Amino acid sequence: MIRCLFLFSLLILSTSAQKTSSQTWQTLNGDQPVVIARGGFSGLFPESSQFAHQIALSTSLSSVILYCNLQLTKDSVGICQTDIRLDNSTNIAAVFPKSQKTYTINGENVQGWFALDYTSDQLFNNVTLTQSIYSRPSLFDGTLPLSTVDDAIGVKPPGFWLNVQYDAFYTANKLSVSSFIRKTTRFMGINYISSPEIGFLKNMNGIINKAKTKLIFRFLDADAVEPTTKQPYSSILKDLSSIKSIASGILVPKEYIWPLSKDQYLLTPTSVVADAHKQGLEVYASGFANDMPGSYNYSYDPIAEYLQFVDNSEFSVDGVLTDFPPTASEAIACLAHNKNAARPSKGKILVISHNGASGVYPGSTDLAYQQAVDDGADIIDCSVQMSKDGVAFCLNSADLLGSSNAMTSFMSRSTMVPEIQPNSGIFSFDLTWSEIQTLTPQLTSPLPNSGLARNPANKNQGKFITLSDFLDFAKAKAVSGILIDIENAAYLASKKGLSIIDAVTAALSNATFDKQATQQVMIQSDDTSVLSKFKNVPAYKRVLSIKEIIGDVPKQTVEEIKKFADAVNLPRSSIVTTNGGFTTAFTTVVDELHAANISAYVSVLRNEYVAIAFDLFSDPVVELATYVGRIGIDGVVTDYPKTADAYLRSPCSDLNAKVAYSILPAEAGALLGLAEPEVLPPAEAPGPPLTVDDVVDPPLPQVSSANDSTADPAAGPVQAPRSSGRANAANMGLYLLGILLISLLSAGY
């Protein structure tokens, strides 16, 4: 196992470099903000474990600082654990089930298992670490021992930070933190010592060498009471000059700097950073983690949050305390000071919206498309649906339930259409465009069980637009191109009398997209017969959408695809396989398509951490780096174009560029290789190969007269729509009347 760890670290170190190039920062001293790793890489591994320390050092900036929350054992050995109770981060309750105790800590009774009740031998010989946050991987639980302060310093971090949270408690129980620090600093370097206790910091001023060790006052929650002065921390914040006399900096929860409304949106920043800098105090912000969503303003992009603290027009904090040090490193080294950078044209990767910026506004609305353009999408997309009266418009699905309030207004129209989906729905082809226009769009999460809502302030914003309006918008905004997605063509033609092919063809022609080469036109479908209908316009790029999970594309199948399509849109799991939340392998599907000169796109990328594998660090940018840098994808289809655009504009997106820090792609299965074999999830069967029969679809049926009315398929509703269905009914009526008359005459009437 250690050998695997060494190889994994060596792989990362071989492509990471030293420091970032010099930048102008608004920190106190103009230096680059530091990344402080709480317990190492505690977002992935048990806090302060060997793995957490080593992977933090090998994936982060070379100036990363290891942060240790100090606890003392009965024999005065210092260990690193955030919670003074060990039962939430170790298996101690199972090892010593009858040893639970209650102590009074800062005026409150606290029950649990405490380090000071055990000798170091008892802990190190019997107790192992577990992940303290249940949403994080438990793969390494029960396999790693606790780390001492000596262990943490022994991995030779560039900087070491010791946080002393409970000096008064240990003093009351006849253990001396001061003596421990005095002894430790005699042999080892401690660069920072922080504490929320003013009395402890005053005592430290007579013990430590200020030239080598910075003292930092740590603020707790604003209403919490500081043990020495008995004042709430909010009151102490108003007198930072008193802190300057005992410390060189402050560590504050991030909400002290960027407060949030009760609805989790950013408010105006406070003056904390400016006030502290005016006093000559450094400011460090705490509470950063990829899997603990902050403000909705960040759209679940953790890098956007870091940039709010280090790269705004007013100030920069001097460092960030984080559970995910690689992500903080990416923000500082690669994306800060990069807002106006141009994307490289060589080997350009396309950013393709998914129903516009559907992570920010309800999908397929005017606002979602405007946001996608603002956020740097190269290609904006319209999944075409048809109304009952033949109006083509943009919406993710023919079923209106998931994207609107259709259930409220048209519950009686709910039907089952097994040709489209297994469950009932309210379908666009059963409502007129006028009826659809009365609906309110809804922004919903594609991850309903995650509890991660999308931008509630925009939940019902925007309006649905016709295909013609979408095309006019695209031309006016001069985006690089458009993607028109066509599904259910056979059903619409045979059962509803609607030709979605004619609607799209006419709309593109009316907007002159078939006569220009400035903007790329992509026609996407999961039906090869649909793609064949657009073969006569060479300027159009045809994209085959493969929704099923596959593991291989044999040569014969690739050759068949090439007859119909120039590109293939693949689900993520057909490219990167996962098991138990970890990557297991990269398929050869993209390479097989590239060998035939067929482009490959991946869909759908999302920022929410629950949609991203653990060994992609729950980080949407590492996921992008894996698909772009490791796999060589040609385009990414995403709900959040802004995140993809920001990454691709970063100099770190080019793994061959000579930059000081690299955003490294994941190596599939690397983290699983660190785990004990007996705890690995059962192996899953690989995806099936894509066959020729899977690709080739039967010819489209003729358009029936099943629909009650039709309109110009390219335009909006007309004043008096023509109805071939009604005309046919009238003709049939005359025919039946003639038969009836003949019958009557024959009967002698």
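Strand β11 (residues 319–322) sends Gly319 and Leu321 one way and Val320 and Thr322 the other, and all are buried (buried is under 20% relative accessible area, exposed over 50%, partly exposed in between, with a 1.4 Å probe and protein chains only). Helices (H or I, at least four residues) and strands (E, at least two) are DSSP runs, numbered from the N terminus. This is a predicted model, where local features need pLDDT of at least 70 and side-chain atom pairs count only at pLDDT 80 or more, while totals for chains, interfaces and linings use all residues. Residues are numbered from 1 along each chain as its sequence is written, and side-chain values use heavy atoms, with hydrogens and water left out.

**Around β11**

- In a regular strand, side chains alternate between the two faces of the sheet.
- Strand β1 (residues 34–38) runs parallel to β11, and 4 bridges join them; strands count as paired if DSSP finds at least two bridges between them.
- Ile36 is the residue that stands opposite Leu321 in β11.
- Strand β10 (residues 282–288) also runs parallel to β11, joined to it by 3 bridges.
- Here Ala285 sits opposite Val320 in β11.

**Helix α2**

- Helix α2 (residues 50–59) is mostly covered, with 7 of its 10 residues buried.
- Those buried residues are Phe51, Ala52, His53, Ile55, Ala56, Ser58 and Thr59.

**Pro157**

- Look for Pro157 in the loop between α5 (149–154) and β6 (159–163).
- Pro157 counts as buried because its relative accessibility is 15%.
- Leaving aside residues up to four places away in sequence, Pro157 touches Leu57, Leu66 and Ala152; a contact means heavy atoms within 4.5 Å.
- Lys74 is 83 residues from Pro157 along the chain, and their C-alpha atoms are separated by 27 Å.

- Ser603 and Val604 are joined by a cis peptide bond, with omega about -5 degrees.
- Val604 has its place in strand β21 (residues 599–605).
- Ser299 is not a glycine, but its phi is positive, near 50 degrees.
- Ser299 lies in the loop between β10 and α12, and it counts as buried because its relative accessibility is 18%.
- Thr512, also not a glycine, has a positive phi of about 60 degrees.
- The loop between α19 (500–510) and β16 (520–525) holds Thr512, which is partly exposed because its relative accessible area is 33%.

**Whole-protein numbers**

- The protein has 26 helices and 22 strands.
- Its C-alpha atoms fill a box of roughly 125 × 55 × 55 Å along the principal axes.
- Of the 749 residues, 55% count as buried.
- Take the contacts between residues at least 6 apart in sequence, and 72% of them join residues at least 24 apart.
- The accessible surface comes to about 31,500 Å², and 52% of that belongs to carbon and sulfur atoms; areas come from the Shrake-Rupley method with a 1.4 Å probe, and for residues only the protein chains shown count as cover.
- The mean positions of the 54 positive and 71 negative charges are 5 Å apart; Lys and Arg count as positive and Asp and Glu as negative, without His and the chain ends, and each charge is placed at NZ of Lys, CZ of Arg, CG of Asp or CD of Glu.
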